[in-house]
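Subject: Structure for your files

Hello,

Here is the structure I said I would pass on. My notes on it follow below.

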Amino acid sequence: MNKKTRNIIIAVAVLLVLVIGALVIYNANKPAAQEGGKKLTVTVVHGDGSSKDFAIATDAENLRGALEEQKLIEGTESEYGLYVLTVDGETADEGAQQWWCFTKGGEMLMTGVDDTMIADGESYEITLTTGW
């Protein structure tokens with residue numbers, strides 16, 4: 001085996017170890033789903049600026065499940081989970097660069113609705129936003 005081949009094999013092995021390590025760290029640190037009944041508050045801010053509050057009682061583990069139980073969201077499946085297009089009957093106009101921004105306590109969620117685990121007493125906001 002020549003030196004170049006050996007270096008490639010070592011590089012691939014190191015990369016594999018790093019990927020496995022990253023997955024282990026992610027799984028160890030991801031938020032756990034709370035089991036049992038949970039109560040959430042969800043505020044939807046529509047394109048006209050009006051807002052509507054929803055009190056949701058659910059056994060769902062993630063935000064998607066809770067919102068779908070109430071028929072509050074619709075969208076299309078993607079490789080990352082549900083891409084939300086419609087909230088509370090209002091559909092974002094992608095041609096006008098509209099999208100639904102999900103926040104918790106005013107902070108934008110860094111996960112999609114499928115990967116956002118919920119707990120009792122939490123509050124979320126969903127705002128129709130214009131501009132990428």
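Glu-68 forms a salt bridge with Arg-64, with 3.0 Å between the closest N and O atoms; a salt bridge here is a side-chain nitrogen of Lys or Arg within 4 Å of a carboxyl oxygen of Asp or Glu. This is a predicted model, in which local features need pLDDT of at least 70 and side-chain atom pairs count only at pLDDT 80 or more, while totals for chains, interfaces and linings use all residues. Residues are numbered from 1 along each chain as its sequence is written, and side-chain values use heavy atoms, with hydrogens and water left out.

Both Glu-68 and Arg-64 lie in helix α2, four residues apart, about one turn of the helix. Helices (H or I, at least four residues) and strands (E, at least two) are DSSP runs, numbered from the N terminus. Glu-68 is partly exposed because its relative accessibility is 34%, whereas Arg-64 is buried at 14%. Buried means under 20% relative accessible area and exposed over 50%, with partly exposed in between (1.4 Å probe, protein chains only).

Arg-64 also forms a salt bridge with Asp-114, the closest N and O atoms being 2.7 Å apart. Asp-114 is in the loop between β7 and β8, so this pair ties helix α2 to a part 50 residues away in sequence. Both partners are buried. Arg-64, Glu-68, Glu-77 and Asp-114 are linked in a network of salt bridges.

The structure holds four salt bridges. One of them joins Glu-122 to Lys-104, with the closest N and O atoms 2.7 Å apart. Glu-122 lies in the loop between β7 and β8 and Lys-104 in strand β6, so the pair ties together parts 18 residues apart in sequence.

On the sheets: five strands form an open, mixed sheet in the order β2-β1-β8-β6-β7, where strands pair if DSSP finds at least two bridges between them. Within this sheet, β1 (residues 38-45) and β8 (residues 123-130) run parallel and are joined by five bridges. A three-stranded open sheet has the order β3-β4-β5 and antiparallel pairing.

The largest nonpolar core has 23 residues, of which Leu-63, Leu-67, Trp-100 and Phe-102 touch the most other members. Such a core is a set of buried Ala, Val, Leu, Ile, Met, Phe, Trp, Tyr and Cys residues joined through side-chain atoms within 4.5 Å. Each of β1, β2, α2 (63-69), β4, β6 (98-104) and β8 supplies at least two of its residues.

Regards
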